[in-house]
Amino acid sequence: MNQQRYWNESALVLKRYSAGEKDRQVILFIKGVGKISAKARGAKNLTSPFVSRLSPLNVCRVLMYRTSSGHWTVTQCETIREFAPETHSTQKAMLGLTMLDIIDRCSEPEHVNDPLYEVAVETLEKLASINDEGKMEQLFNIFQVKTFEILGILPSFSHCTRCHKKIDLDKISGWDMLQITCHECEKLNPKRHARETFDKEYLKLLNYIQRNTTEASLKISLNKEQEKDVKRMIKTLWNAQTFSLPKSLDVLESLRA
Ligand SMILES: [Zn+2]
């Protein structure tokens, strides 16, 4: 007997691809469940309500079941929020899709990560309403910083990464995106001359983003030079990870060129 369990949850659609003549396979990021791959039966049929609903960037309420062998199937779906990339600029659609790519890359199958789900949905909602390209980029940077924080990749920039003592940001010896050390620990750091350090002001910025909402962080205004630095800092973090840098980030770079 093939035992089935049912779920009725909010899901962000990450990817969708064809599976056979009539069906589609979708990668969903679901509240309380995590990332899963599910079959949407009959989704390629033009009269199927799945056709437009299960599109990347949309947030849907899905009714689905999982067989005892671990296969997921979506049986019903209603749209909670539709993104519709065709109604937005290429730049905006690309940023949205790159966010999905990042979520896909950073999440393990069926590993619950509700904070990441919340940040993703909030960011996409904001993205849909912004039209200023600079603000869109800023939103994308905030999203990445928050994602890194949720994944535990971003150090707490208020405590020494080595001895965990609280440090005065105005008196730090050295820092980079991976560690920040107090005077005592820095003396023992063999790599202290090799690290790529950034202006101390950025520590305050990162702390601010970590502690505040996306909405509040969006109000900070940065000049072109500072924006470049923030991008460089984020890239440093990406380069230190075991999961690879999304290809879409390269595509974004070429759009900006
Ligand atoms: Zn220390």
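Which residues in α4 meet which residues in α6? I looked up this contact before the others. I142, V145, K146 and E149 in α4 meet L206, I209 and Q210 in α6. I count two residues as in contact if their C-beta atoms, placed from the backbone, lie within 7 Å.

Ground rules. This is a predicted model: local features need pLDDT of at least 70, side-chain atom pairs count only at pLDDT 80 or more, and totals for chains, interfaces and linings use all residues. Residues are numbered from 1 along each chain as its sequence is written.

I checked the α4/α6 geometry next. α4 and helix α6 (residues 201–211) pack at about 75 degrees, axes 10 Å apart. Axes are lines fitted to C-alpha atoms, for helices over the stretch in contact; angles run from 0 to 180 degrees between N-to-C directions. So α4 is roughly perpendicular to α6 (65 to 115 degrees; under 35 is roughly parallel, over 145 roughly antiparallel, the rest oblique). Helices are DSSP runs (H or I, at least four residues), as are strands (E, at least two), numbered from the N terminus.

Then α3 against α4. Helix α3 (residues 114–129) and helix α4 (residues 133–150) pack at about 180 degrees, with axes 10 Å apart. That makes α3 roughly antiparallel to α4. P115, L116, V119, T123, K126 and L127 in α3 meet M136, L139, F143, K146, T147 and I150 in α4.

Last, I looked at the domains. The chain divides into domain 1 (4–81) and domain 2 (89–153 + 198–256), with bounds from an automatic or database domain assignment. Their centres, over C-alpha atoms, are 26 Å apart.
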